[in-house]
Amino acid sequence: MLLNILVGFAIAFFGFVLQTSVAGVNRKIIARLQKRYGPKWYQEFLDIFKLLSKRATSHGWIFDFGVIMALGGIIATAMFMPLTNNIVAFAGYDNFFIFVYLIAVGMLGMAMSASGSGNPYASIGVMRALTTMLAYEVPFMIIVLTIINTTGFSSLTEIGLFQQASGNTWFLIALPLGGIVGILSLMGMLGKKPFETYIAPAEIASGPMVEYGGKQLGMLFIMHEITVFIEVSLFVHLFLGGAENIFIFLAKYFAVYTFVNLISNVNGRLKIDQVVKFYYKWPLIMAITQAIIAIYFGWVVSI
Amino acid sequence: MKSTKFTEPRKLSKEEVDRKWWEIGDFFRRNSLWMLMYCTGCCAIELPPAMTSAYDMERLGMGPMATPRQADILLISGYLSVKSLRRVIYTYEQMSEPKYVVGLGSCPINGGIYHDSHAVINQLDQYIPVDTYVAGCMPNTESVMNGFVDLMEQIRDKTAKGWIKYKENNEWYKKNQKAALGEVIIHDEFHE
């Protein structure tokens, strides 16, 4: 049991290092896209350690406690994440619904802390984040339930193994409409550009993070990196057939994050009502169509 | 000859340990400077080329930030009217320490071309401490970048001490601020 917990912490730490490096490399890629030289690949580490080295003000104990709750909740979620078929801290407990429930602890911690600062921009940001969540969760859930119905498993490693066993048919290809919905929902989860309504630095001064500075902001940055790790890994295991070994995982992870980031950087930002309308229109229609095709007709593309 | 193998390592005093940690922090701070841009003047037009592909400020780890709490540098470009000085002081006092101020153009140094206006302050250094000036009306983009590199070198040499000066000489700064702004009794929900 102690060993499992240690492995869990190691996975969370690995996720932090991996996502921070990948984000740094992505900043370089985006810079080259815009014909700039770009920062060093370890710039994100410098940013985080700089923030941890600064002095910070507090706005009451809810403000401080919420940050710790957010970071702790996200680390607890990341401990359950399988990296490959074999590297998983708590075997048999990597159920999809565990992530759905546990990730809410971190998000609510951040919402509580941001509201505790008393800044109206923070409240607007939290409200927009929860509204966006409400929008992308519905189509995403329909697609994931379709996958669970098709495979008969809800454990991430079992879903990954199912895709590898059937001749490496990824659900991104086997359920083509569902794959598109998955990518769109992932962009909403990561807060990428067309759906980046709740950060919006030019409009609501970076939303929930408006009152953070110094150590609290550093902890929120660590929390954000681990959250991105969880969400991209979920996508890799659900739609891209998991990973047999760690190198395949790294390759798939990097490909997914870079692809989403490239789309993000050539787009503008939608308004919050446009985001909700968008998710409730095309992704929802595609998700329901895909669910009907896959569950009632049993038409699943196989290679 | 005394063997070095068994000599006790010299015990560092608390100040020395603190200084070592501060130097490590300075490495991170000078490689990741986030700016809050207070651009009321015309020198702000020099910042887009500094940020985009011509000079690419991001390769030094610098970038614009949305709020004073997150920022390290307060970049004041151009003239400051008496009305906007009050906002600059609010903003400066909100920033988390260590914090640095960069004055862009000749207006924060001696008033520039607006030196004889009744609505403009002439020397920013009287009201908040400034670490680096970039002189010129307006300074070209190379000197803007050069000013930032100068600030990074000052942080490395521990001479960017404006925020310590502001704490030590707070009465003097407050006296100057009050002389310029006058005592104003504000009636709003925060000051009742």
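At roughly what angle do the axes of helix H10 (residues 215-239) and helix H11 (residues 246-264) of chain A cross? In this predicted model, local features need pLDDT of at least 70 and side-chain atom pairs count only at pLDDT 80 or more, whereas totals for chains, interfaces and linings use all residues. Residues are numbered from 1 along each chain as its sequence is written, while chains are lettered from A and ligands numbered from 1 in the order in which they are written.

The axes of H10(A) and H11(A) come within 10 Å and cross at roughly 115°, where axes are lines fitted to C-alpha atoms, for helices over the stretch in contact, and angles run from 0 to 180 degrees between N-to-C directions. The two helices are therefore roughly perpendicular to each other, the class given to angles of 65 to 115 degrees, with under 35 counted as roughly parallel, over 145 as roughly antiparallel and the rest as oblique. Helices (H or I, at least four residues) and strands (E, at least two) are DSSP runs numbered from the N terminus. The crossing of H10(A) and H11(A) is right-handed, a term used if the near helix is turned clockwise from the far one by less than a right angle, left-handed being the anticlockwise case. On the side of H10(A), A:Val232, A:Ser233, A:Phe235 and A:Val236 meet A:Phe249, A:Lys252, A:Tyr253, A:Val256 and A:Tyr257 of H11(A), residues being in contact if their C-beta atoms, placed from the backbone, lie within 7 Å. By class, this contact has 7 nonpolar, 1 polar and 1 charged residues (Ala, Val, Leu, Ile, Met, Phe, Trp, Tyr, Cys and Pro count as nonpolar, Asp, Glu, Lys and Arg as charged, and the others, Gly among them, as polar).

Chain B has 7 helices and 7 strands, and its C-alpha trace spans about 75 × 45 × 30 Å along the principal axes. Of its 192 residues, 35% count as buried, that is, 20 or more other C-beta atoms lie within 10 Å of their own, against 12 or fewer for exposed residues and values in between for partly exposed ones, with C-beta atoms placed from the backbone.

Within chain B, strands count as paired if DSSP finds at least two bridges between them. Strand E1 (residues 34-39) is joined in parallel to strand E2 (residues 63-64) by 2 bridges, with B:Met35 opposite B:Pro64, and E1(B) also pairs in the parallel sense with E3(B) over 5 bridges, where B:Met37 stands opposite B:Leu75. Strand E3 (residues 73-77) is in turn joined to E5(B) by 5 bridges, again in parallel, and B:Leu74 has B:Val101 as its bridge partner.

The contact between the chains takes 17 residues from chain B and 26 residues from chain A, and the chain B side has 3 nonpolar, 8 polar and 6 charged residues. Helix H2 (residues 43-53) of chain A and helix H1 (residues 14-31) of chain B have axes that come within 8 Å and cross at roughly 125°, which makes H2(A) oblique to H1(B). Their crossing is left-handed, and the contact is made by A:Leu46, A:Phe49, A:Lys50 and A:Ser53 of H2(A) and B:Gly25, B:Phe28, B:Arg29 and B:Asn31 of H1(B).

How values were computed
Contact = placed C-beta atoms within 7 Å.
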